[in-house]
Amino acid sequence: MIKAPKIILVGPMGAGKTTIGRLLSQSMGKEFYDLDKVIEENAGADIPWIFDKEGEDGFRKRETQVLKNMLEDPQHSAVLATGGGIVMREENRQILREGVLVIYLYASVAQQLHRTSKSNHRPLLQVGDPKATLKKLFQVRDPLYRDVATLVVETDARHPRAVANKVLDAIHKHLKTETPVS
């Protein structure tokens with residue numbers, strides 16, 4: 001088991017945050033939480049409904065509150081998979097820079113398109129051209145993911161277990177090189 005702070009996975013839709021998060025939590029002996037699922041449980045409604053009734057801004061406010069709540073207890077060790085847009089609010093980026101290990105699961109637009117093509121649970125892809133939407137989101141969000149990331153791991157053309165192993169290796173290396181604060 002790796003002794004590490006909370007691990008937070010960020011990245012675009014289709015990067016595998018939930019799948020990789022579950023595998024990491026099992027390997028590390030930590031609890032796993034998908035922030036989108038926690039938001040849905042708290043709201044008693046699914047994300048498309050929240051987007052429809054409250055808009056993206058309403059959803060982002062809920063997302064920030066859930067993120068704060070999940071990170072409140074410094075003793076609670078967990079792996080958290082976030083939604084693709086968590087980096088869109090400066091408040092969230094600030095939270096992600098403080099005392100947590102943030103892993104950016106990088107996925108190309110082509111990979112995202114392939115992995116999200118059969119999903120109807122992604123409100124931002126339900127209108128217009130999904131490829132154009134993903135390209136636009138990537139241009140805006142990639143620098144923001146990199147800004148908050150402690151580590152970046154590419155997920156393209158890799159099996160989830162291979163990605164999880166690569167993330168575990170990166171965490172091990174990072175924790176060994178980090179100097180303890182006294």
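Colleague: Let's start inside. Are Phe-51 and Phe-59 buried or exposed?

Modeller: Both Phe-51 and Phe-59 are buried. Keep in mind as we go that this is a predicted model.

Colleague: Those two have aromatic rings. How do I read a pair of rings?

Modeller: The general idea is simple: a pair of aromatic rings is described by the distance of the centres and the angle of the planes. Now the case here. The ring centres of Phe-51 and Phe-59 are 5.1 Å apart and the planes sit at 35°, so this pair is tilted.

Colleague: And how many aromatic pairs turn up in the whole structure?

Modeller: A search of the whole structure gives four. One of them is edge-to-face: Tyr-106 and Phe-138, because their planes are at 75°, with the centres 5.9 Å apart. That angle is over 60 degrees, the cut-off for edge-to-face.

Colleague: Where do Tyr-106 and Phe-138 lie in the chain?

Modeller: Tyr-106 belongs to strand S4, residues 101-106, while Phe-138 is in helix H6, residues 130-148. Tyr-106 has a relative accessible area of 19%, so it counts as buried, since the cut-off is under 20%.

Colleague: Which residues form a cluster of aromatics?

Modeller: Tyr-104, Tyr-106, Phe-138 and Tyr-145 make up one aromatic cluster.

Colleague: What does the side chain of Ser-108 make a polar contact with?

Modeller: With the side chain of Asp-156, at 2.7 Å.

Colleague: Now H5 itself. How do I read which side of a helix faces in?

Modeller: List the buried residues, then look down the axis. For H5, the buried ones are Val-109, Gln-111, Gln-112 and Thr-116. Viewed down the axis of H5, they fall within an arc of 160°, so they line one face of the helix.

Colleague: Which residues are exposed on the other side of H5?

Modeller: Ala-110 and His-114 are exposed there.

Colleague: Let's turn to charges. How do I read a salt bridge?

Modeller: The general idea: side chains of opposite charge can pair when their charged atoms come close. A search of this whole structure finds eleven salt bridges. Take Glu-40 and Lys-37: their closest N and O atoms are 3.6 Å apart. Both residues lie in helix H2 (residues 35-43), three residues apart, which is about one turn of the helix.

Colleague: Can you show me another bridge inside a helix?

Modeller: Arg-60 forms a salt bridge with Glu-56, with the closest N and O atoms 3.1 Å apart. These two are separated by about one helical turn because they are four residues apart in helix H3, residues 47-71. Arg-60 is buried, with a relative accessible area of 6%, whereas Glu-56 is partly exposed at 32%.

Colleague: What about a bridge between Arg-62 and Glu-54?

Modeller: Their side chains meet in a salt bridge at 2.7 Å, N to O. Arg-62 counts as partly exposed at 28% relative accessibility, and Glu-54 counts as partly exposed at 32%.

Colleague: Let's step back. How many helices and strands does the chain have?

Modeller: Seven helices and five strands. Reading from the N terminus, the order is β-α-β-α-α-β-α-β-α-α-β-α.

Colleague: And what share of the chain is buried?

Modeller: Of the 182 residues, 48% are buried. The chain exposes about 9,500 Å², with carbon and sulfur atoms supplying 51% of that area.

Colleague: How do I read contacts along the chain?

Modeller: Look at how far apart the partners are in sequence. Among contacts with a separation of 6 or more, 76% are between residues 24 or more positions apart.

Key. Residues are numbered from 1 along each chain as its sequence is written. This is a predicted model: local features need pLDDT of at least 70, side-chain atom pairs count only at pLDDT 80 or more; totals for chains, interfaces and linings use all residues. Side-chain values use heavy atoms; hydrogens and water are left out. Buried means under 20% relative accessible area, exposed over 50%, partly exposed in between (1.4 Å probe, protein chains only). Contact means heavy atoms within 4.5 Å. Accessible areas come from the Shrake-Rupley method with a 1.4 Å probe; for residues, only the protein chains shown count as cover. Rings of Phe, Tyr and Trp (its six-membered ring) pair if their centres lie within 6.5 Å; planes under 30 degrees apart count as stacked, over 60 as edge-to-face and the rest as tilted. A polar contact is a pair of N or O atoms within 3.5 Å; within protein, one must be able to donate a hydrogen and the other to accept it, and residues adjacent in sequence count only if both atoms are side-chain atoms. The arc is that of the directions from the helix axis to the C-beta atoms. A salt bridge is a side-chain nitrogen of Lys or Arg within 4 Å of a carboxyl oxygen of Asp or Glu.
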